[in-house]
Amino acid sequence: MMTGGPPRRPCAGALLLPLAAAVAVVLSSCCCHGASAAASFGDNFEITGAEDHVKTSADGQTWYLYLDNKTGVGFQTKQRYLFGWFSMKLKLVGNDSAGVVTAYYMCSDVDAAPLRDELDFEFLGNRSGEPYIIQTNVYHNGVGGREMRHSLWFDPTADFHTYAILWNPKHIVFFVDKVAIRVYPNDASKPGGGGGSGFFPISKPMYIFSSIWNADDWATRGGLEKTDWSRAPFVSSYRDFAADACAWPAAGGPPACAAATGDSWWDQPPAWALDAGQRLDNAWVARNLLIYDYCDDRKRFPTPPEECALRDAAATTAS
């Protein structure tokens, strides 16, 4: 298991600054020390799929996944985790990537098991000159449909950027370069801290995965834009994986850290809610970068799912 400290974030309200200045503040950060990684990818991950579609830098610190018209490829951690902080730096496929999806996610099973828990980052490819879309989703006991889509305030193909998930019994937070783009709350009033609420993944340890694959039936403009295979191979790049988390043993019962003891920073009160600066940044993202929110989709959900009311109540209280 790789360890680090609590997430760094931009100074309070950093994203309320003009965009160029905001990006500089986000990348420089100011408040907390960040997670770090020292081991090679091979120490933490194993390849799933065609091994000849993965290349590694000479120092073992960077992996490159290749997609062509024959196959894609992926990798997964050797270890499962229950709660913690998980981050990775990614550089996405550049130029015309329509139809291509790069996924970075957590899942309780190594396949699409019907009762799986899952936390998703999905990066939806684009036609040249169009912005990338980042889709996040949450599954609990096989029930998903909790999609949100955002645009980004930078070009994710030009350099590496950090994508992270904070998961504890109180909430799940999706971070991009230390900015909380999405908060998925739990209902602390329910027995077991929300374990029986039906919408929050709280009991199943998860692996961390990534993959690159062809999804031109839906990924770009709802499937209107098809993958241009003359531009293959499509390459996504990864480095600096870090997990400060509760590692689940290969055999035996749950570890002590799974009992939410509060011994780790990610299971202490400062990590149970966004701080004032993070709330400002999250509100800026919601106003300026949000493309789709399932909580507002009355065709799919005439009555918003339960966690939507929790999120709205938390936002009202914070403001």
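## Disulfides

By the rule that a disulfide is a pair of cysteine sulfur atoms within 2.5 Å, the count here comes to 2 disulfides. This is a predicted model, where local features need pLDDT of at least 70, side-chain atom pairs count only at pLDDT 80 or more, and totals for chains, interfaces and linings use all residues. Residues are numbered from 1 along each chain as its sequence is written, and side-chain values use heavy atoms, with hydrogens and water left out.

## Cysteine 246 and cysteine 257

A disulfide joins cysteine 246 to cysteine 257, with an S to S distance of 1.9 Å. The link of cysteine 246 and cysteine 257 is right-handed, with 80° about the S-S bond. Cysteine 246 sits in strand E14 (residues 234-248), and cysteine 257 in the loop between E14 and helix H4 (276-288); helices (H or I, at least four residues) and strands (E, at least two) are DSSP runs, numbered from the N terminus. Cysteine 246 has 0% relative accessibility and counts as buried, while cysteine 257, at 25%, counts as partly exposed (buried is under 20% relative accessible area, exposed over 50%, partly exposed in between, with a 1.4 Å probe and protein chains only).

## Cysteine 295 and cysteine 308

The sulfur atoms of cysteine 295 and cysteine 308 are 1.9 Å apart and form a disulfide. The torsion about their S-S bond is about -85°, so this disulfide is left-handed. Cysteine 295 is buried at 4% relative accessibility, and cysteine 308 is buried at 1%.
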